[in-house]
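Hi,

Here is the structure I promised to pass on. Have a look, and my notes follow below.

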Amino acid sequence: MASSTHAISLNPATGEQIGAYAFESAADLETVLSQSAKAYTSWRRTPVDTRSAALARLGQALRADIDRLAGMITAEMGKPITQARGEITKCAGLCDWYAEHGPAMLASEPTQIENDKARIEYRPLGPILAVMPWNFPIWQVIRSVVPALLAGNTYILKHAPNVMGSAYLLREAFGRADFPQGVFEVVNVQNDLVSQAIADDRIAAITLTGSVRAGSAIGSQAGFALKKCVLELGGSDAFIVLADADLDEAIRAAVVGRFQNTGQVCAAAKRFIVEDSVADAFTEGVVAGTKALVIGDPTDPSTYIGPMARYDLRDELDAQVQRTLSEGAKLLVGGHKIDGAGNYYQPTVLADIVPGMTSFREEIFGPVASIIRASDARNALELANNSQFGLTASVFTKDIAAAHQIAADLEVGGVFINGYSASDVRVGFGGVKKSGFGRELSHFGVREFCNAQTVWFDRK
């Protein structure tokens, strides 16, 4: 949310304003750019073991402040508190992992040049501008900033307007971890100044997690400025269930994979593509699991479905559901806003979905599952690839050889066999098609914002 002068944070469970953060000026942005560029000159020369030790301290700082951080996430975007605390724990674990394993990712890499006269050295690029979303207010930043800082870059965060409280708490955590001034900065600016920052010579690269529209705009500006960018955009992930799947496990994973974070996850099961012979049983199980979800106050540890983060997004979701129903889909449960205080939407299951319908074509960013019948495994693969998106997919089957073949043919960045989509620091994360490009996490996240520099001695 935003006004002409302030980023506004509303509690989606109550509608009450909990924060109003004045947008910063061009002069404020200039100060941040200058500080980040100055910090880069020394941070890039700081030994990698010193940088990794700072990341370990950051993990400790996050754990020590878990109550405030998780509480702010819940207040600002409605994430159930148990899931919000899990987000902070996951962030701290990422810091620990990179502190332990990250330095090896930056070691000199040998080549096949004789006598070891040529090597690849991974050098930082400079200040990174990050435009981040609201759905995982701390995790999305941490998974991006930690590998970038490990590599020796500095980082400027432009967060979503409705979670600026989380951004400022995160800045405090960096301060408690004793990062030098300017290594991690936060700016609260509007789009015109984001564009100005992208064009500024001091910004070396840009990373964005967000919508296709935002990615297209940022990617275009980065391309015009001839700057590296990483884009993690939307998804309409396929969740394929073949006839021989363990249905109980598939149903359990389907409910969790679709409705965690109130369905507001880019890499999440959205299109459930099920072989016809088991579609009825699968659908019955998912409907039962959906009806059993606890909806309510996100500060209650027993709540699984909280409010949606913004009122405009709930309206947009409801419009998508109603269009899908008008196109011939069948409503099995939910399908409307929940009356009363708060920005709640009923967990919804739609059936009889076919290509061309709204919930098949578009990303559905909320608690709505779409069930699609497939005649066989080949048809399931065709349906899965019939999408503008290509973030992740799941395949449930007992035939692992067949699953590997399907994975090879899926046009996505990640495939999860007999499991739902997730991000994990130990493996790369990113998409293809309109889900973006570039990779985060693992060594990929470190090297995305590095110059792979060839150093060759005594070449005759």
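Which residues does leucine 331 touch, not counting those up to four places away in sequence? They are Leu325, Thr348, Val349 and Leu350, where touching means heavy atoms within 4.5 Å.

Before the rest, some ground rules. This is a predicted model, in which local features need pLDDT of at least 70 and side-chain atom pairs count only at pLDDT 80 or more, while totals for chains, interfaces and linings use all residues. Residues are numbered from 1 along each chain as its sequence is written, and side-chain values use heavy atoms, with hydrogens and water left out.

Back to leucine 331: it sits in strand E12 (residues 330-333); strands are DSSP runs of at least two residues (E), helices of at least four (H or I), numbered from the N terminus. Leucine 331 has 37% relative accessibility, so it counts as partly exposed (buried is under 20%, exposed over 50%, partly exposed in between, with a 1.4 Å probe and protein chains only). Threonine 348 is 17 residues away from leucine 331 in sequence, and their C-alpha atoms are 7.8 Å apart.

Now the cores. The largest nonpolar one (buried Ala, Val, Leu, Ile, Met, Phe, Trp, Tyr and Cys residues joined through side-chain atoms within 4.5 Å) has 101 residues, and Tyr98 and Tyr155 are among those with the most contacts inside it. Helix H4 (residues 81-105) gives the largest share, ten residues. A second, separate core of 25 residues includes Phe259 and Phe396.

Finally, helix H1: its buried residues include Leu29, Ser36 and Trp43, whereas Ala27 and Lys38 are exposed on the face turned away from the buried side.

Cheers
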